[in-house]
Structure formats: C-alpha cells, structure tokens
Amino acid sequence: MTERLQKFLARAGVASRRKAEEYIAQGRVKVDGQPVEKMGQTIDPERQRVTFDGRSVTPPNQKLTVLLNKPAGYVTTMADPQGRPIVTSLLNEPGLRLFPVGRLDLDTEGALLLTNDGELAHNILHPSRQINRTYLATVKGHPDRDALQQLRRGIVLEGHRTWPARIRELRRNQETTTLEVIIHEGRKRQVRKMFAAISHPVLHLKRVAYGGLRLGSLASGQYRRLGPEDLKMLFRPAAK
Ligand code: URA
C-alpha cells in the first residue's frame, strides 16, 4: 500500500504534515537514499526506506522483516554473555526491535531472517509449514553414493530420524566436496551432524535460500528489507 510521503512522516511522528512538507522541500528527506524531488510523492513504506536527516524513519507498530547475509563469527542471539558480535548489530533500524527467526551457528554464514512480526516468525518456524532451507556445504573428502543415499532417506540423530533431504553434488576437488543440501527441519547443527554421521565433516556451511527466497547477490554483512512479494517467495518451495 502506498501513501503520501508527508502523511507517512506525520504518522511516524517526525512532524505535522505541513512541517513535513517543509522538510521535504529543504531536501532533508530521502527515499531509498535519494533526495525527494517532487512534492506529493507516494511511497510504499513496506519496501522503501525513508530517512530524515540521515536517520531511518519508521512508524510505530510497523512490521518489518529483513533478510541478512550473516557473516561467520556472529551469534544469532539478542545478546551474548561472551561479548561476541551479534547479528542485530548489523542492522540500522532504530526504533524497531528485530529478532532472528531461528538460528545459524556461529560459524555458518548466509540467509538469516530477522523480524518484529511474532506471528510471521511462528509460521516460518512451525514444522507443519515445512519451509525448505537450502545450504551449500563443503565437506571433507568425497562421500560415496550410499552415504549420500542414507542422508537422503533420513538418519537417526540423537534418537530422532531426520526427514528426507534433497542432496546434490555440485563439485569436488582433491580433498573436499561441495553439495547442495535441502532440508525443512531446523534442528541444532543439523547439517553438520548429518555429515559427521557419515564421517565427512562439514568444513564450510552457508544457507543460500529460505523457501523460494534466495540470498542472491547480497554481500556478507548486508541486509535488505522484504516486501510482500518476498514474503510470498518464502512460503514457496525451493527452486529445483
Ligand atoms: N545446520 C547446521 O549444521 N548449522 C546451521 O547453522 C544450520 C543448519
């Protein structure tokens, strides 16, 4: 839904509509980093980022979900007693308390969703939704067909059988193999445990998609705001 920029600024508590028009005329308001040129411009608050004097403007109660390319070395908790860097420190969304949807290990990189929409987070994480997570895993050695077949069918980890996985070998070099692994469970260190179970430990792990929503060219440490179309992709099956 689009709305006039001055109305949006007023709703966000920046100033009255009239005062907001003055700020726009003074070039103090930017939309997606660009100064606003014409009065009466409309914006889509869910997709576009508005700043006033360089600071993000967000109306209260705005629901926001972002896709972050998490670098290795960041923890996916809201605070860390050991003082390690936390993923939320990579966001610049003042006034919004976004929390990670699920987790990625300290040493895993890639697609991580953060949101302030509790219901959405619940839907994403609920096992009945079976949202696929796609990983690129580089493992030690060259797992043979039988070993991969076991993982595809499911193996018992800590007393519970894993759901069937889709696994495709992408490339191998002398000492390692890189595979695409698609699972819909989010058990702790699941991909690492699956490959450890067949004696091919994971050396590098990156999540590249959540459902049909891919990380694409998002650089490490960068994030983007998601719009309704992105959220639809999230609930679509992973591309084959
Ligand atoms: N599987 C893992 O082993 N680690 C992650 O971070 C995610 C899935």
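A polar contact is a pair of N or O atoms within 3.5 Å; within protein, one must be able to donate a hydrogen and the other to accept it, and residues adjacent in sequence count only if both atoms are side-chain atoms. The model is predicted, with local features needing pLDDT of at least 70 and side-chain atom pairs counting only at pLDDT 80 or more, while totals for chains, interfaces and linings use all residues. Residues are numbered from 1 along each chain as its sequence is written, and side-chain values use heavy atoms, with hydrogens and water left out.

**Ligand site**
- With a heavy atom within 4 Å as the cut-off, the residues around the ligand are Leu104, Asp105, Thr108, Tyr135, Arg189, Gln190, Val191, Arg192 and Leu205.
- A polar backbone atom of Arg189 is 3.3 Å from a ligand oxygen atom, and a polar backbone atom of Val191 is 3.2 Å from a ligand nitrogen atom.
- The protein buries 96% of the 240 Å² that the ligand exposes when taken alone (Shrake-Rupley method, 1.4 Å probe; for residues, only the protein chains shown count as cover).

**Domains**
- The assignment, which is automatic or from a database, gives domain 1 (3–56), domain 2 (65–127 + 220–234) and domain 3 (132–210).
- The centres of domain 1 and domain 3, taken over C-alpha atoms, are separated by 47 Å.

**Contacts of Met194**
- Leaving aside residues up to four places away in sequence, Met194 touches Leu151, Ile155, Leu157, Thr162, Ala165 and Ile183 (contact: heavy atoms within 4.5 Å).
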